[in-house]
Amino acid sequence: MAEETETMQLQLFSPSDVSPHSSRKDCWVVIHGKVYDVTKFLEDHPGGEDVLLHVSASGDATEAFEDVGHSTSAISMMNSYLIGSIEDYVPPNPSDAGTVDGSYMALNSQTMQRNKGSPAPNIFLDYVLPLFMLVMAVSGWYYLTFVAKN
Ligand code: HEM
């Protein structure tokens with residue numbers, strides 16, 4: 001039940017259209033709701049063909065693709081394999097919701113921003129270490145001012 005969209009000229013697929021294409025001779029992967037025919041790329045994929053076959057069979061390759069942290073050149077290569085998109089795509093990760101209709105690059109740069117953004121708070125570096133240094137400085141000042149003088 002594939003059909004053409006007028007705006008993006010991308011074929012629309014349902015998950016059941018995609019699932020039969022998970023063999024070495026015919027391998028499609030779904031990443032961020034876009035469908036890529038990677039059959040001709042299997043042998044050239046630097047990460048190997050087995051990972052692509054595996055995620056192809058799993059239905060949605062988005063999380064696996066993101067976990068690897070592909071380079072921008074890998075991301076630009078993807079367009080050559082783009083054949084369509086999933087109709088009414090529901091992202092596997094709820095935090096991706098709302099970006100389904102955005103372009104892949106936009107979504108990916110958001111992901112990179114998210115990953116690059118503020119690191120997880122470190123209680124030792126943020127609070128304990130500065131407090132320790134403050135106590136040491138005050139003790140030093142107290143010793144030099146009041147104790148060492150006498
Ligand atoms: C059309 C889709 C894909 C393209 C064009 C692509 C392209 C690439 C490229 C160019 C690299 C070399 C490293 C880099 O430049 O980032 C790479 C590495 C890799 N890719 Fe993909 N990839 C695709 C999909 C996937 C998917 C769905 C997975 C799923 C797990 C995957 C797993 C890996 C792994 C494990 C590596 C090796 C990373 C390393 O050794 O550091 N790739 N891919």
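This is a predicted model: local features need pLDDT of at least 70, side-chain atom pairs count only at pLDDT 80 or more; totals for chains, interfaces and linings use all residues.

Modeller: Residues are numbered from 1 along each chain as its sequence is written.

From the N terminus on, the order is β-β-α-β-β-β-α-α-α-β-α-α, with 6 helices and 6 strands. Both kinds of element are DSSP runs, numbered from the N terminus: helices are H or I with at least four residues, strands E with at least two.

Around the ligand there are 21 residues, of which Pro46, Gly47, Ala64, Ser71 and Ala74 come nearest. A residue is near a molecule if its C-beta atom, placed from the backbone, lies within 6 Å of it. At least two shell residues come from each of β4 (26-31), α2 (49-58), α3 (62-68) and α4 (72-77). The shell has 16 nonpolar, 5 polar and no charged residues. Here Ala, Val, Leu, Ile, Met, Phe, Trp, Tyr, Cys and Pro count as nonpolar, Asp, Glu, Lys and Arg as charged, and the others, Gly among them, as polar.

The loop between β4 and β5 (34-37) holds histidine 32. Its phi is positive, near 50°, in a residue other than glycine. Histidine 32 counts as buried because it has 24 C-beta neighbours inside 10 Å. Buried means 20 or more other C-beta atoms within 10 Å of the residue's own, exposed 12 or fewer, and partly exposed in between, with C-beta atoms placed from the backbone.
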